[in-house]
Amino acid sequence: MINIAIMGHGVVGSGVAEILINHNDRISKRVKADINVKHILDLRDFDVAYRDKFTKDFNDILNDDSVSVVAEVMGGINPAYDFVKSCLTAGKSVVTSNKELVAAKGAELIKIANEKNVSFLFEASVGGG
C-alpha cells in the first residue's frame, strides 16, 4: 500500500483528493499498488465525505513513517518550502504544483531529494514558470 498525504485543500488540493479517493480502484490498478490518502493538511474545516483524513498539524504527516508520498498543493513559498524540505529530508517523495516554490527553491529541493534517494517531482507547466 502506498500512503499519500496532501498538503492543501484548495481548488487543486481538493481536486487531487477527490480523484485519488473517488477513482481509487482505477488508479490502484494502473499503478499496481493500493493507494490510500492518509492525511490532508489544511487549517480550515471541510464538510466532505473524507473529513476524517484532515489534520491541522504538519507533524502528523512528517512523523508518519507509513506516508511515502506527499502532494504539496499549498502554493507560495512559506510554509510550503519548510514543509517540503522537511518531507524530503525525512525520506518522503514530494510532488508539487507550486510554480513559485520550484522557481525559488527547486534546485535545492532536487539536491536534497537526490541525497535522500527520493523524488521531487513537478509538472511541465510548473517547470516553465
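## Helices and nonpolar cores in a predicted model

The side chain of S28 reaches the backbone nitrogen of I35 at a distance of 3.1 Å. The model is a predicted one. S28 is part of helix α2. Its relative accessibility is 7%, so S28 counts as buried, the cut-off being under 20%. With neighbours within four places in sequence left aside, S28 is in contact with A33, D34 and I35.

**Helix α1**

Helix α1 covers residues 11–22, and from its first C-alpha to its last it reaches 16 Å, close to the 16 Å expected at 1.5 Å a residue. Its buried residues are G13, S14, A17 and L20. Seen down the axis of α1, these buried residues fall within an arc of 135°, so they line one face of the helix. An α-helix has 3.6 residues a turn, so residues three or four places apart point the same way. V11 and N22 lie on the other side of α1 and are exposed. The buried residues of α1 pack against β1, α2 (24–31) and β2 (35–41).

**Helix α5**

Helix α5 bends by about 80° at K105. Buried in α5 are L101, V102, G106, L109, I112 and A113. After α5 comes N117, which has a positive phi, near 60°.

| Side chain | Backbone nitrogen | Distance |
|---|---|---|
| S28 | I35 | 3.1 Å |

**Nonpolar cores**

The largest nonpolar core has 23 residues, of which M7, V70, V84, L88, L109 and F120 touch the most other members. Two or more residues of this core come from each of β1 (2–7), α3 (58–62), β4 (67–72), α4 (80–89) and α5 (99–116). Helix α4 gives the largest share of the core, 6 residues. Which residues does V70 touch, not counting those up to four places away in sequence? They are A5, M7, I61, C87, K92, S93, V94 and V95. In soluble globular proteins, nonpolar side chains tend to be buried together.

Technical notes
Residues are numbered from 1 along each chain as its sequence is written. This is a predicted model: local features need pLDDT of at least 70, side-chain atom pairs count only at pLDDT 80 or more; totals for chains, interfaces and linings use all residues. Side-chain values use heavy atoms; hydrogens and water are left out. A nonpolar core is a set of buried Ala, Val, Leu, Ile, Met, Phe, Trp, Tyr and Cys residues joined through side-chain atoms within 4.5 Å. Buried means under 20% relative accessible area, exposed over 50%, partly exposed in between (1.4 Å probe, protein chains only). Helices (H or I, at least four residues) and strands (E, at least two) are DSSP runs, numbered from the N terminus. Contact means heavy atoms within 4.5 Å. The expected span of a helix is 1.5 Å times one less than its number of residues. The arc is that of the directions from the helix axis to the C-beta atoms. The bend at a residue is the angle between axes fitted to the seven residues ending there and the seven starting there. A polar contact is a pair of N or O atoms within 3.5 Å; within protein, one must be able to donate a hydrogen and the other to accept it, and residues adjacent in sequence count only if both atoms are side-chain atoms.
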